[in-house]
Amino acid sequence: MDVRFATDRNLGTLAKWLRILGYDTLYERGNADPDFLRRAASEGRIVLTRKRDRTSLSSGGRLVVVKADHVRLQLAEVLEALRLEPDPVKKMTRCLRCNVMLEEIPKERAEGRVPVYVYAACIRFKGCPACGRIYWPGTHRRHIEESLRARIPR
Ligand SMILES: [Zn+2]
């Protein structure tokens, strides 16, 4: 079975990165409370949290306490702790907002919903069946660059 994650509210950027890599990642806007831990365990998700108090985190499920502050290091930490090698085929197949798998859509459906230059330049588009957002080669890359810029300490 594929590895699936659940992150608590302190790891929103990391959740986005895991989705970029293709991992099914539930992002919880709250803390890693007992409800959240139970739900994650019942769905077979590995919990990622920054909470260090392990006694309050006992859920029976797998858990990684993330120590790094920068998202790139956090990602490395998680992949290393779980000995994971992201599958290149799965990269950029998931909606960054909804976590659902994107579907190929005919080019016409993207018309008027993406910038004109993108429509002219791209052949293949994907859409999110949940939020309707349209993705094209480059969308994910832009997000990666933006999130890196936002997080790089000066
Ligand atoms: Zn979506």
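**Helices, loops and confidence**

Q: What do the buried residues of α2 pack against?
A: The buried residues of α2 pack against β1 and β3 (46-49). Contact here requires two C-beta atoms, placed from the backbone, to lie within 7 Å. Helices (H or I, at least four residues) and strands (E, at least two) are DSSP runs, numbered from the N terminus.

Q: What kind of model is this?
A: This is a predicted model, in which local features need pLDDT of at least 70 and side-chain atom pairs count only at pLDDT 80 or more, while totals for chains, interfaces and linings use all residues. Residue numbers start from 1 along each chain as its sequence is written. The term pLDDT stands for the predictor's confidence in each residue, from 0 to 100.

Q: What is the mean pLDDT of the protein?
A: The mean is 86, and 85% of the residues reach 70 or more.

Q: And where is confidence lowest?
A: Confidence is lowest in helix α5 (residues 139-151), with a mean of 62. Strand β1 (residues 4-7) has the highest value, 96. Where pLDDT is low, the predicted coordinates should not be read in detail.

Q: Let us step back. How many helices and strands are there in the protein?
A: The protein has 5 helices and 7 strands. From the N terminus on, the order of elements is β-α-β-α-β-β-α-β-α-β-β-α.

Q: How many of the 154 residues count as buried?
A: Of the 154 residues, 26% count as buried. A residue is buried if 20 or more other C-beta atoms lie within 10 Å of its own, exposed if 12 or fewer, and partly exposed in between, with C-beta atoms placed from the backbone.

Q: Back to α2, then. Which of its residues are buried?
A: In helix α2 (residues 34-42), the buried residues are F36, L37 and A40. Seen down the axis of α2, they fall within an arc of 100 degrees, so they line one face of the helix. The arc is that of the directions from the helix axis to the C-beta atoms.

Q: Why would residues three or four places apart point the same way?
A: An α-helix has 3.6 residues a turn, so residues three or four places apart point the same way.

Q: Which residues are exposed on the other side of α2?
A: P34, D35 and S42 are exposed there. The residue G44, with a positive phi near 70 degrees, follows α2.

Q: Now α1. How many of its 9 residues are buried?
A: In α1, 7 of the 9 residues are buried, so α1 is largely enclosed by the rest of the structure. The buried ones are L14, A15, K16, W17, L18, R19 and I20. G22 comes after α1 and has a positive phi, near 100 degrees.

Q: At what angle do α1 and α3 pack?
A: Helix α1 (residues 12-20) and helix α3 (residues 71-81) pack at about 60 degrees, and their axes are 10 Å apart. Axes are lines fitted to C-alpha atoms, for helices over the stretch in contact, and angles run from 0 to 180 degrees between N-to-C directions. The two helices, α1 and α3, are therefore oblique to each other. Angles under 35 degrees count as roughly parallel, over 145 as roughly antiparallel, 65 to 115 as roughly perpendicular and the rest as oblique.

Q: Which residues of α1 and α3 meet?
A: T13, L14 and W17 in α1 meet V71, Q74 and L75 in α3.

Q: Which residues of α3 are buried?
A: V71, Q74 and V78 are buried in α3. Down the axis of α3, these buried residues fall within an arc of 55 degrees, so they line one face of the helix. The face turned away from this buried side carries L73, A76 and E80, which are exposed.

Q: What about R83: where is its place?
A: R83 is in the loop between α3 and β5. Its phi is positive, near 50 degrees, although R83 is a residue other than glycine. R83 counts as exposed because it has 6 C-beta neighbours inside 10 Å.

Q: Does N99 count as buried or exposed?
A: N99 has 20 C-beta neighbours inside 10 Å, so N99 counts as buried. N99 is found in the loop between α3 and β5, and its phi is positive, about 75 degrees, although N99 is not a glycine.
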